[in-house]
Amino acid sequence: MKALNLRAFFLSIIGLLMISSAQAAERVVATVNGAPILESQVKQALGKRANTETNRQAALNSIIDDMLVNQAIKESGVKVSDAKVDQIIEGIAAQNGLTFGQLLDALDYQGISYQHYRRQIANQLLMAEVRNQAIGKSVDITREEVQALGQKMLKQAKETGTEKKVTGTEYQVRHILLKLNPLLNDTQAKAQLNQIRADIIAGKISFADAALKYSKDYLSGANGGNLGFAFPEAYVGAFGKTIQTTKQGTISAPFKTEFGWHILEVTDTRQGDRTQDAYMQKAYEQLVNQQLQSASKDWVSALRKHAEIKYFN
């Protein structure tokens, strides 16, 4: 019995070695984001078509596209809720002048189960969202492209007399900045700025003197906290937003940006020329639309744009 078991053991080892050897002989013809495509997969995709270079490449491309789509679905994190599917189905029924019961009868007449129909709708919603994400990611526009086109559009407008002047509000702002450090946390910085603000409002200290004494933005602090005139977009998001929501002559509540904690005061406003900014925006929108239209025609190509695809001869 021992000899028989030993013989069976050796036979199993030989079998495993033969399988491993066969797998080792399997050639990798390409990888998609590190995932291999085997020669046998290409042969299977080739089917009954002639084994020509053109057909093999077409078969390989179809495998790559399928893998990219499947990877995009996994990476998207998109989930389709039952409520969303219900909403779509109700809409389809309403568009066709059917009640829900009549829709079920129509599906049954066509030999389609309701659950199968729901899965189809869910898959369509999923693929639509993945497609939109892929197209969105494919947009790749450089600052240089926008500036070149914007300047060209502005020059043409001036030459043809069609230039449209655009103005916008510039704000004159002064601020006080406290930077965080091991001895000053968020709570302490906010509390200190609240006290400074209260002292300024009470007339115990002027804003300019407080900026000089407390602000860690030493350049503006030496100038009473004054940052001059600028459009809100010139500053980081939270700072620009606070400028727009703070009434002139009042001091904002403490707020945080990536630079630290601030209080600010809008001291004046004026209308500034934003014509060049407007043409840059037009140029950006035109470039984006061009790329979106191109990507929409073949969204799988948009997936290829950011994929790492390697071919092995």
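This is a dialogue on reading a few features of a predicted model.

Trainee: Where do I start with a pair of helices, for example H3 and H6: at what angle do their axes cross?

Mentor: Start with the two axes. Helix H3 covers residues 53-76 and helix H6 covers residues 114-138. Their axes come within 10 Å and cross at roughly 90°. Angles of 65 to 115 degrees count as roughly perpendicular, so H3 is roughly perpendicular to H6.

Trainee: Which residues make the contact between H3 and H6?

Mentor: From H3 they are Val69, Ala72, Ile73 and Ser76. From H6 they are Leu126, Met127, Val130 and Gln133. Sorted by kind, the residues of this contact are six nonpolar, two polar and no charged.

Trainee: What follows H3, and where is Val80 found?

Mentor: Val80 is in the loop between H3 and helix H4, which spans 82-95. It touches Val85, Ala122, Leu125 and Leu126, leaving out residues up to four places away in sequence. Leu126 also belongs to the H6 side of the contact with H3.

Trainee: How do I compare distance along the chain with distance in space for Val80 and Gln124?

Mentor: Take two values. Val80 and Gln124 are 44 residues apart in sequence, and their C-alpha atoms are 9.8 Å apart in space. Another case is Val288, in helix H12, residues 275-297. Val288 and Val139 are 149 residues apart along the chain, with 6.6 Å between their C-alpha atoms. Val288 touches Val139 and Ile141, again leaving out residues up to four places away in sequence.

Trainee: Is Val288 buried or exposed?

Mentor: The relative accessible area decides this. Buried means under 20%. Val288 has 14%, so it is buried. Val80, at 27%, counts as partly exposed.

Trainee: How many aromatic pairs does a search of the whole structure find?

Mentor: It finds three. A pair of aromatic rings is described by the distance of the centres and the angle of the planes. For Tyr235 and Phe239, the centres are 5.0 Å apart and the planes stand at 40°, so the pair is tilted. Tyr235 and Phe239 also form one aromatic cluster with Phe255. Phe239 is buried, with a relative accessible area of 4%.

Trainee: Which charged ends sit over the rings of Phe231 and Tyr279?

Mentor: Look for the charged end and the ring centre. The charged end of Arg274 sits over the ring of Phe231, at 3.9 Å from the ring centre. The charged end of Lys282 sits over the ring of Tyr279, at 4.9 Å from the ring centre.

How values were computed. Residues are numbered from 1 along each chain as its sequence is written. This is a predicted model: local features need pLDDT of at least 70, side-chain atom pairs count only at pLDDT 80 or more; totals for chains, interfaces and linings use all residues. Side-chain values use heavy atoms; hydrogens and water are left out. Axes are lines fitted to C-alpha atoms, for helices over the stretch in contact, and angles run from 0 to 180 degrees between N-to-C directions. Helices (H or I, at least four residues) and strands (E, at least two) are DSSP runs, numbered from the N terminus. Angles under 35 degrees count as roughly parallel, over 145 as roughly antiparallel, 65 to 115 as roughly perpendicular and the rest as oblique. Contact means heavy atoms within 4.5 Å. Ala, Val, Leu, Ile, Met, Phe, Trp, Tyr, Cys and Pro count as nonpolar, Asp, Glu, Lys and Arg as charged, and the others, Gly among them, as polar. Buried means under 20% relative accessible area, exposed over 50%, partly exposed in between (1.4 Å probe, protein chains only). Rings of Phe, Tyr and Trp (its six-membered ring) pair if their centres lie within 6.5 Å; planes under 30 degrees apart count as stacked, over 60 as edge-to-face and the rest as tilted. A charge sits over a ring if NZ of Lys or CZ of Arg is within 6 Å of the ring centre and within 35 degrees of the ring normal.
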